Amino acid sequence: LAMQRGPVSTGKSHEDNRRFAAAYKVGDLVFTAGMTARGPDGKLVGAGDVAAQARQCAANVIAALEAAGSNASQIVKLTVYVTDIATYQPLSAALDPLYASRPASTLIEISKLASPDMLIEVEAVAALV
């Protein structure tokens with residue numbers, strides 16, 4: 001049997017302009033794209049507020065996983081990118097929904113993201129349900 005694979009969309013209209021999928025299924029796994037704090041309209045949520053951005057990132061990861069047939073309790077690996085490592089404590093609670101399964105996790109400080117107002121980006125790998 002050939003391995004099942006393919007892109008996943010959450011159905012948000014701003015995704016139509018991307019060259020990449022919100023997530024990608026390969027076999028029994030789903031890999032999300034890096035999720036930033038863009039709301040359903042494609043505009044940044046929480047400019048200057050890292051906790052608000054983290055909540056939106058978590059919601060976007062969950063939406064991508066659910067569109068793929070998974071959920072937050074199936075996450076096996078998280079990667080969190082922040083522009084200031086000192087902000088991790090304030091935003092940590094906002095990411096709690098992504099840690100339900102105690103996944104492996106990496107936190108990385110980077111110099112900047114796609115927009116100067118973006119403070120965090122999150123990507124996940126999860127098992128399909």
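Mentor: Let's begin with H1, which has 19 residues and reaches 27 Å from its first C-alpha to its last, close to the 27 Å expected at 1.5 Å a residue. The expected span is 1.5 Å times one less than the number of residues; helices are DSSP runs (H or I, at least four residues) and strands are E runs of at least two, numbered from the N terminus. The model is predicted: local features need pLDDT of at least 70, side-chain atom pairs count only at pLDDT 80 or more, and totals for chains, interfaces and linings use all residues. Residues are numbered from 1 along each chain as its sequence is written, and side-chain values use heavy atoms, leaving out hydrogens and water.

Trainee: What follows H1?

Mentor: Gly 69 does, with a positive phi near 95°.

Trainee: How do I read strand pairing, and which way do S4 and S6 run?

Mentor: Two strands pair if DSSP finds at least two bridges between them. Here S4 and S6 run antiparallel, joined by seven bridges; Thr 79 has Glu 123 in S6 as its bridge partner. With S5 (residues 104–109), S4 pairs in the parallel sense over six bridges, and Leu 78 has Ser 105 as its partner there.

Trainee: Which residues does Leu 98 touch?

Mentor: Contact means heavy atoms within 4.5 Å. Not counting residues up to four places away in sequence, Leu 98 touches Ala 58, Val 61, Ile 62, Ala 72, Ile 75, Leu 78, Pro 103 and Val 122.
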